Amino acid sequence: MSLVARRLEDAGIPTVILGSALDIVQHCGVPRFVFTDFPLGNPCGRPYDTEMQRAVVSKGLELLEAATAPGSVVRTPYRWSADEGWRDRYMEIGEEDVARLAAMGEARRAHRQQLREQGRVRSE
């Protein structure tokens, strides 16, 4: 997204990136970035937390309006969890999860096979 934002900016279209990978986005040199210290894939907040999500998007719109220099970064004050240990546990797979995840993967593969046979997805 960072590189796409740069190309859009080159074409005169202002952009704001909402994200969690501060080092990567800054390295790519986006013009405006709203940083949330959340797990990757959750730049606007926890699922179903519409209040937080609206607040993060509002920060982005405010930055779009107010930024005066390239490389503007705004850090949101929000936290993913009061317990900072979430970083160590996020996406952790325990022994108790292995069988359930394996079954989910098998079901997904079977469903994809059915779709292929119906011509609804490309063959892999």
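**Figure 1. Gly71 in the loop between helix 3 and strand 3 (72–75) of the predicted model.** Helices (H or I, at least four residues) and strands (E, at least two) are DSSP runs, numbered from the N terminus. Ser2 lies 69 residues from Gly71 along the chain, and the C-alpha atoms of the two are 12 Å apart. The model is predicted: local features need pLDDT of at least 70 and side-chain atom pairs count only at pLDDT 80 or more, while totals for chains, interfaces and linings use all residues. Residues are numbered from 1 along each chain as its sequence is written, and side-chain values use heavy atoms, with hydrogens and water left out.

**Figure 2. Confidence along the protein chain.** The predictor's confidence in each residue is given as pLDDT, from 0 to 100. The chain has a mean pLDDT of 88, with 98% of its residues at 70 or more. Among the elements, the highest mean belongs to helix 3 (residues 50–66), at 94, and the lowest to helix 4, at 81. Where pLDDT is low, predicted coordinates should not be read in detail.

**Figure 3. The salt-bridge network of Asp37, Arg79, Glu84 and Arg87.** A salt bridge is a side-chain nitrogen of Lys or Arg within 4 Å of a carboxyl oxygen of Asp or Glu; eight are counted by this rule. Arg87 pairs with Asp37 at 2.1 Å, N to O. Because Arg87 lies in helix 4 and Asp37 in the loop between strand 2 (32–35) and helix 3, this pair ties together parts that are 50 residues apart in sequence. Arg87 also forms a salt bridge with Glu84, at 2.5 Å, N to O.

**Figure 4. The salt bridge between Asp49 and Arg46, with Tyr48.** The side chains of Asp49 and Arg46 meet at 2.8 Å, N to O. Asp49 is buried, with a relative accessible area of 19%, whereas Arg46 is partly exposed at 29%. Tyr48 is found in the loop between strand 2 and helix 3 and counts as exposed, because its relative accessible area is 81%. The phi angle of Tyr48 is positive, near 70 degrees. Most residues other than glycine have a negative phi.

**Figure 5. A negative and a nonpolar surface patch.** Patches are made of residues with over 30% relative accessible area and no salt bridge, joining like charges within 9 Å and nonpolar side chains (Val, Leu, Ile, Met, Phe, Trp, Tyr) within 5 Å. Accessible areas come from the Shrake-Rupley method with a 1.4 Å probe; for residues, only the protein chains shown count as cover. Lys and Arg count as positive and Asp and Glu as negative, without His and the chain ends; each charge is placed at NZ of Lys, CZ of Arg, CG of Asp or CD of Glu. The negative patch gathers Asp88, Glu92, Glu95 and Glu96. Glu92 lies in the loop between helix 4 (86–89) and helix 5 (95–117) and is exposed, at 54% relative accessibility. Met1, Val4, Leu8 and Ile13 make the nonpolar patch, of about 390 Å². Ile13 belongs to the loop between helix 1 (2–10) and strand 1 (17–19) and is partly exposed, at 42%.

Notes
Buried < 20%, exposed > 50% of the residue type's maximum accessible area, 1.4 Å probe, protein only.
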